[in-house]
Amino acid sequence: ELIMRTNVNSFYNLLEIAKNNNSVMVYASSASTYGSLPPPQKVGFESPENPYGYSKFAMDQIAARYAKINPNITLIGLRYFNVYGSREFYKGSTASMVIQLGHQILNGNAPRLFNDSENIMRDFVYIDDVIQANINASLSMKSGTYNIGYGIARSFQEVSDILQKELQTNFKTDYFPNPYTGYQGNTQADISSAR
């Protein structure tokens, strides 16, 4: 209920502000709208599996209807995939895997990964690219929903191995069972429409 109130109900207020000001509005959607669908994930083929993903999918549907009946405004939803970058350390356990693994290694600890991490794939996209996507979206004047990712998936294991190589460490990975049910196994953005 809190997620729906926060993401969906308040979205209507933002849409009214955009309408009253003939605005371009770029809003954050999410790759979580795809749930566990096989990659590459493409706009128009969604299957959210949790309240957050569903709320973002609802926002996309509301924006599409709203843009259709209000052609004087531009509404652009960007479905961010796995964003990483500097200054996200404050997010703690919700920080990207790149940052979490990097901090574990920098602190002198072995990287901790779920069992079978060589098969858990994510489309990692750097924050500077996401910023450029937001700027370009705001200039496009074309309403719609777009995937923002790199377009190539890498496994958690591969990210961990790259970090160890770059940080010149050779810790043995600490594997443990994945405690989450309904965990997204593989994300890879189809970025053709965003391009």
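## Surface and overall form

The protein chain exposes about 11,100 Å². Carbon and sulfur atoms supply 53% of that area. The model is a predicted one. Buried residues make up 40% of the 195 residues in the chain.

Along its principal axes, the C-alpha trace spans about 55 × 30 × 30 Å. The secondary structure comes to five helices and nine strands. The radius of gyration is 18 Å, close to the 16 Å that the globule rule gives for 195 residues, so the chain is as compact as a globular protein of that length.

## Order of elements and contacts

Read from the N terminus, the elements run α-β-α-β-β-α-β-β-β-α-β-β-α-β. Among contacts in the protein chain with a separation of 6 or more, 79% are between residues 24 or more positions apart.

## Strand β2 and its burial

Strand β2 covers residues 74-80. Seven of its seven residues are buried, so the strand is largely enclosed by the rest of the structure. T74, I76, L78 and Y80 point one way from β2. L75, G77 and R79 point the other way. Residues on both sides are buried. In a regular strand the side chains alternate between the two faces of the sheet.

## Partners of β2

β2 pairs with strand β1, residues 24-30, in the parallel sense. Seven bridges make up this pairing. V26 stands opposite I76 in β2. A28 stands opposite L78 in β2. Helix α2, residues 51-69, belongs to the picture too: β1, α2 and β2 make a right-handed β-α-β unit.

β2 is also joined to strand β7, residues 144-148. Here five bridges link the two strands, and they run parallel. N147 in β7 is the bridge partner of R79. R79 itself is among the buried residues of β2.

The largest nonpolar core has 14 residues. Those with the most contacts inside it are F11, L15, M25, Y27 and L75. Helix α1 (2-20), β1 and α2 each supply at least two residues of this core. The largest share, six residues, comes from α2. In soluble globular proteins, nonpolar side chains tend to be buried together.

What is M25 in contact with, leaving aside its neighbours within four places in sequence? Its contacts are F11, L14, L15, A18, T74, L75 and I76. Of these, T74, L75 and I76 are residues of β2. A second, separate core has 11 residues, including V98, I105, L113 and L163.

The peptide bond from P39 to P40 is cis, with omega near -5°. P40 lies in the loop between β1 and α2. Those two elements belong to the right-handed β-α-β unit.

Two residues other than glycine have a positive phi. R87 has phi near 70°. R87 sits in the loop between β3 (82-84) and α3 (97-106). Is R87 buried or exposed? R87 is exposed, with a relative accessible area of 69%. For M141, phi is near 60°. M141 is placed in the loop between α4 (127-140) and β7. M141 counts as exposed, at 54% relative accessibility.

## A buried loop residue

T173 lies in the loop between α5 (156-166) and β9 (174-176). At 14% relative accessibility, T173 counts as buried. The cut-off for buried is under 20% relative accessible area. Leaving aside neighbours within four places in sequence, T173 is in contact with P111, L113, Q157 and S160. One of these, L113, belongs to the second core.

Methods: Residues are numbered from 1 along each chain as its sequence is written. This is a predicted model: local features need pLDDT of at least 70, side-chain atom pairs count only at pLDDT 80 or more; totals for chains, interfaces and linings use all residues. Side-chain values use heavy atoms; hydrogens and water are left out. Buried means under 20% relative accessible area, exposed over 50%, partly exposed in between (1.4 Å probe, protein chains only). Helices (H or I, at least four residues) and strands (E, at least two) are DSSP runs, numbered from the N terminus. Two strands pair if DSSP finds at least two bridges between them. A crossover is right-handed if, with the strands pointing away from the viewer, the path from the first strand over the helix to the second runs clockwise. The radius of gyration is taken over C-alpha atoms; the globule rule is 2.2 Å times the number of residues to the power 0.38. Contact means heavy atoms within 4.5 Å. Accessible areas come from the Shrake-Rupley method with a 1.4 Å probe; for residues, only the protein chains shown count as cover. A nonpolar core is a set of buried Ala, Val, Leu, Ile, Met, Phe, Trp, Tyr and Cys residues joined through side-chain atoms within 4.5 Å.
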